[in-house]
Amino acid sequence: MTTTTVHYRTPTGEVHSIEGTVGDSVMVTAVRNGVTGIVGQCGGNLSCATCHVYLAEDELPRYPEMDEMEDEMLDCTAADREDNSRLSCQLDLRAGEELHVTIPDAQQ
Amino acid sequence: MTEATVPAGTEYPFAPMPHTEAIEQYKRIAADRPMTRMTMPFGGDVWVIHRNQAARDMLGDPRFVREPFRTGERAVPYFVEFPDFLKATVQFADPPEHTKLRRLVQKAITPRSVNAMRDSAVAFANELIDAMVAKGPPANLVHDYAIALPIQMLSNLLGVPPEDREKFEKWSHSTLSVAGMTEDEIAANMMELAIYMSGLIAQRRAEPRDDLLSALAAARDKDDTLTDDEILTMAILLIVGGFDNTANFITIGILSLLRNDDQRELFLSDIDGLAATAAEEVLRHGRMQMGLPVAGGGGLVPFVATEDVEIDGRVIAAGEAVLVDPSAAGHDPQAVETPERMDITRQNNPHLTLSYGVHHCLGAPLARMELQVGLSEIFRRLPGLKSEGPAEIDMNNLTQPVTNLPVSW
């Protein structure tokens, strides 16, 4: 099973580096490994906004532009939406590509 | 019928026992197996999932649907007979129809929009406390506080004008399990409520305001459209789901704090800082802290498997029903550290009381805000609040509500 590392920065500045499975999402990797602050209440179905993260600016171009549903849900987040806001259920782990995300101070 | 043989101490369902023993039983069951097949009082057999991760796997899997319940092809296995009007709601729809209906409402009940309602919730909670204080102790906290707050918030959200609040409350009250009305009275009130809401929907379509009904009516003109009937059904679901359950958890939360001196002292020392985590702990564990025996069996609204699906090593066969027991999942040691302990500071609290997946509680942000405000304001104003007798519970009802909680201060 191929793995890669996701670095989760908490609102208080701690960094949790988690070895996740390629193909899983950043949301699932967090929830499975007990990283608090990412809730993922809808299970990755784009019907809540509780897995909001800020993705490192230089890693944004790795993903295609977000679709309309994600865009709409990001207008519903508890913490402020920024230019680098993404729903972490839509970010899949890829071989050889580490990711750096910051968890907002509120999800719900 | 339950499984033929299970190890001693892991029987499920189980009869009422002291809550500490019930939690130990839940822990042993989760260690032994992910799910148990049980026969419900209505609607036949269902798999009940005990483990938190297995529950998430099922709730997040689109191969589990509710269509056969909605069409009547299969009865809903549950404690009580499921009312037909609930089967017509989004709760029993599957994607993609479900997605369209839900997203339109979800836009109005977001953490941000709900936050804007927080100030008015705080003000209204304080009005209710003023009235309780003026009348003097003892008070029935369910009637005087826990029920009144959610109905006011629902009126604000839906856009029921102040002059209509009294009748709206009377009709909506009949959907409440604590109301104790006859079936004829409930039917008459529900009919009046439906007629009233239909009129309000038509008004808002003609003259939109800044409320949910206007937003839903307006959504008709875009790509996603809703018929008046769909809006009405949605409004009724919000009233039924948002009123009774929220009132009940406000009561359970206050009661569980009254019964745990250390947690109440802690809460009083930092109400604003702890309101959010305290509310989550009440959702996960509050029912265990009511000073009443706890029975195990059943849980959230079921699903049906569309094909054979393996969950945590067990196959749920095509056509079989499955549901999650949130009490078990909230006390699964694999997911929750020292689950037997009430800890209002708990940071990692993956309870499933508001469900998970596409059908997770639509009103969750509103319910959370009301629960936080409901707990905070009563203890802020009346820090000496105390119980004046046992809570009364209606065990024969769908939501098993507390009907009376006598308190003084």
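Author: Let's start with α2(B). The cover over its buried residues includes β3 (44-49), β4 (64-65), β7 (303-305), β8 (309-311), β10 (321-324) and α16 (326-329) of chain B. Keep in mind that this is a predicted model.

Reader: Which residues of α2(B) are buried?
Author: B:N52, B:A54, B:A55, B:R56, B:M58 and B:L59. That is 6 of the 8 residues, so α2(B) is largely enclosed by the rest of the structure.

Reader: OK, the interface. How many residues of chain B are in contact with chain A?
Author: 20 residues of chain B, in contact with 22 residues of chain A.

Reader: What area is buried between chain B and chain A?
Author: About 1700 Å². Carbon and sulfur atoms give 50% of that area.

Reader: And how many salt bridges between chain B and chain A?
Author: The count is 2. One of them has B:R103 with A:E72. Their closest N and O atoms are 2.8 Å apart.

Reader: How many residue pairs are in polar contact across the interface?
Author: The rule finds 6, counting pairs with both residues at pLDDT 80 or more.

Reader: Which elements of chain B each supply at least two residues to the side that touches chain A?
Author: α2 (52-59), α5 (97-106) and α6 (111-115). α5(B) gives the most, with 4 residues.

Reader: How do the residues on that side of chain B divide into nonpolar, polar and charged?
Author: 4 are nonpolar, 9 polar and 7 charged.

Reader: Switching to chain A. How many residues of strand β1 are buried?
Author: 5 of the 7. β1(A) spans residues 3-9 and is mostly covered.

Reader: How many bridges join β1(A) to β2(A), and do they run parallel or antiparallel?
Author: There are 7 bridges, and the two strands run antiparallel. β2(A) covers residues 15-21. Take A:V6 as an example: its bridge partner in β2(A) is A:I18.

Reader: What about the turn of that hairpin?
Author: 5 residues lie between β1(A) and β2(A). In the turn, A:G13 has a positive phi of about 100°.

Reader: And β5(A), how many bridges join it to β1(A)?
Author: 4 bridges, and here the strands run parallel. β5(A) is residues 99-102.

Reader: Where do side chains point in a regular strand?
Author: They alternate between the two faces of the sheet.

Note on methods: Residues numbered from 1 in each chain as written. Chains lettered and ligands numbered in written order. Predicted model: local features only at pLDDT ≥ 70, side-chain atom pairs only at ≥ 80, totals over all residues. Heavy atoms only, no water. Contact = heavy atoms within 4.5 Å. Buried area = accessible area lost by both parts, 1.4 Å probe. Salt bridge = Lys/Arg side-chain N within 4 Å of Asp/Glu carboxyl O. Polar contact = N/O pair within 3.5 Å; in protein donor to acceptor, adjacent residues only side chain to side chain. Nonpolar A, V, L, I, M, F, W, Y, C, P; charged D, E, K, R; others polar. Buried < 20%, exposed > 50% of the residue type's maximum accessible area, 1.4 Å probe, protein only. Pairing = 2+ DSSP bridges.
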